[in-house]
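Welcome, and thanks for taking a look at this one with us. Below is a short briefing, grouped by topic, to read alongside the viewer.

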Amino acid sequence: MVSYVLKRLAMSLLIIYIVVSLSFFMIRLMPGNPMAALEAQLRMQGGLSEVEIQQRISAVYSVTPDAPVWEQYVQYVWGALRGDLGRPITNPGTTVVAVIAEALPWTIMVVAVSLIISFVIGIAVGAMMAAFQGSRLSQSVTFIVSFLSAIPSYLVAIALLYVLTSVYQVFPSGGAYGVDVTPGLNGPYVISVLYHAVLPIAASVITSFGGWALGMKGSAVSVLGAEYVRAAESRGLSDRRITQSYVGRNSMLPMVTQLALSVGFMFGGSVFIETYFQYPGIGFYMIQSVGQRDYSLMMGCFLLITVSVIITNLLVDLLYPLVDPRIANPAARARAADQPTDPDQEVLPAGGSMA
């Protein structure tokens, strides 16, 4: 078990190091050489000496511009490990880490709530479609969720903006909270935050719950044909117990794994939804940084998303042995695979019991 954990941890750290290294070279491989472009821009503005220009570039990219490449690489990696990702070109008075720290809570709130709601609705709808497989109800619901899953999220955002902010003016058109409230732990501010988050959450749920529903339906249908389900039916167990203890529990396992992996991507936000609703999350600033060629902020956002996905995958890998200890012990898994099956032994569902 210790060897399994150390291997997964070492692999995750190696991948993070590779991502940090790639972000360093991507800045230099991008068309136009961003560092040289910033230097030319500062010279055109005037009023800055050569030393001040080099200091400004060094602050933005966390490297010494006139230093050798290997030295810049060491400076960049060491700065990234210490949380120094430079300064945004468009707002040099702050840092990339400060911008991300300010935007991250808004992204986590909207995307996390959307993920939970869409997961719960999708699991319920998918289980219903599997239970009534082949019926007109299941076919109709399958068509609806497939149609909603195929619609791009930005089209739903535009439709909600037009109907509920322009035509009926029920919700605000953008922002995280109203300009007439004071931020803090007070009632008006909390209500305003929730009020402004309704449309971004709705746009995300409408376009994402269908994927969970279709995944749950496919997982449940595959479980229905498993040997332990047929064995439970032959023993005369009730349909309710078979559905809850055998079909439901085992079909949920891959969905929970997918949910855990989705948490990593949650930190990237929903770029189109946040952009259209002018919601100040990570996705909003990422699109802004791309449009304004703010490479330091862009790389900071990309690095956050990548690291969050890697850490989430690591946590999932570390939780797997708790579900099945054989995962961390290849020898035990091989012995279990070679062990002959006793035909008189009852077939048990994964993680369940026949009692």
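Which residues form a nonpolar patch on the surface? They are Tyr162, Val163, Val167, Tyr168, Val170 and Tyr195, which together have about 600 Å² of accessible area. Please keep in mind that this is a predicted model.

**Overall fold**

- The protein has 14 helices and 0 strands, so the pattern along the sequence is α-α-α-α-α-α-α-α-α-α-α-α-α-α.
- Of the 355 residues in the protein, 38% are buried.
- Among contacts with a separation of 6 or more, 68% are between residues 24 or more positions apart.
- The protein exposes about 19,500 Å², and carbon and sulfur atoms supply 66% of that area.

**Regions listed in UniProt**

- An unreviewed UniProt entry lists residues 12-30, 106-131, 143-164, 193-214, 259-277 and 297-320 under "transmembrane region".

**The nonpolar patch**

- Helix H7, residues 153-167, gives the patch its largest share, with 3 residues.
- Tyr195, a patch member, sits in helix H8, which covers residues 187-224.
- Is Tyr195 buried, partly exposed or exposed? Tyr195 is partly exposed, because its relative accessible area is 39% and that class lies between the 20% and 50% cut-offs.

**Aromatic rings**

- How many aromatic pairs does the structure hold? There are 9 aromatic pairs in the structure.
- A pair of aromatic rings is described by the distance of the centres and the angle of the planes.
- In one of the pairs, the ring centres of Tyr154 and Phe272 are 5.6 Å apart and the planes are at 50°, so this pair is tilted.
- The pair links distant parts of the chain, since Tyr154 is in helix H7 and Phe272 is in helix H11 (residues 271-276), 118 residues apart.
- Both partners are partly exposed: Tyr154 has a relative accessibility of 31%, and Phe272 has a relative accessible area of 43%.
- Ring pairs also link Trp106, Tyr177, Tyr189 and Tyr279 into a cluster.

**A buried methionine**

- Met216 is placed in helix H8, and because its relative accessible area is 4%, Met216 is buried.
- Which residues does Met216 touch, not counting residues up to four places away in sequence? Met216 touches Gly122, Ile123, Gly126, Ala127, Ser251, Met252 and Met255.
- With Ala127, 89 residues apart from Met216 along the chain, the C-alpha separation is 6.4 Å.

**Positive phi in two glutamines**

- Gln169, a residue other than glycine, has a positive phi near 55°.
- Gln169 is found in the loop between H7 and H8, and its relative accessibility of 62% means Gln169 counts as exposed.
- Gln278 is not a glycine either, yet its phi is positive at about 50°.
- Gln278 is in the loop between H11 and helix H12 (282-291), and with a relative accessible area of 45%, Gln278 is partly exposed.

Note on methods. Residues numbered from 1 in each chain as written. Predicted model: local features only at pLDDT ≥ 70, side-chain atom pairs only at ≥ 80, totals over all residues. Heavy atoms only, no water. Patch = residues over 30% accessible without salt bridge, like charges linked within 9 Å, V, L, I, M, F, W, Y side chains within 5 Å. Areas by Shrake-Rupley, 256 points an atom, 1.4 Å probe, with all protein chains shown as cover. Salt bridge = Lys/Arg side-chain N within 4 Å of Asp/Glu carboxyl O. Helix = DSSP H or I, 4+ residues; strand = E, 2+ residues; numbered from the N terminus. Buried < 20%, exposed > 50% of the residue type's maximum accessible area, 1.4 Å probe, protein only. Phe/Tyr/Trp six-rings, centres within 6.5 Å; stacked < 30°, edge-to-face > 60°. Contact = heavy atoms within 4.5 Å. UniProt positions renumbered as here; feature names shortened; annotations may be inferred.
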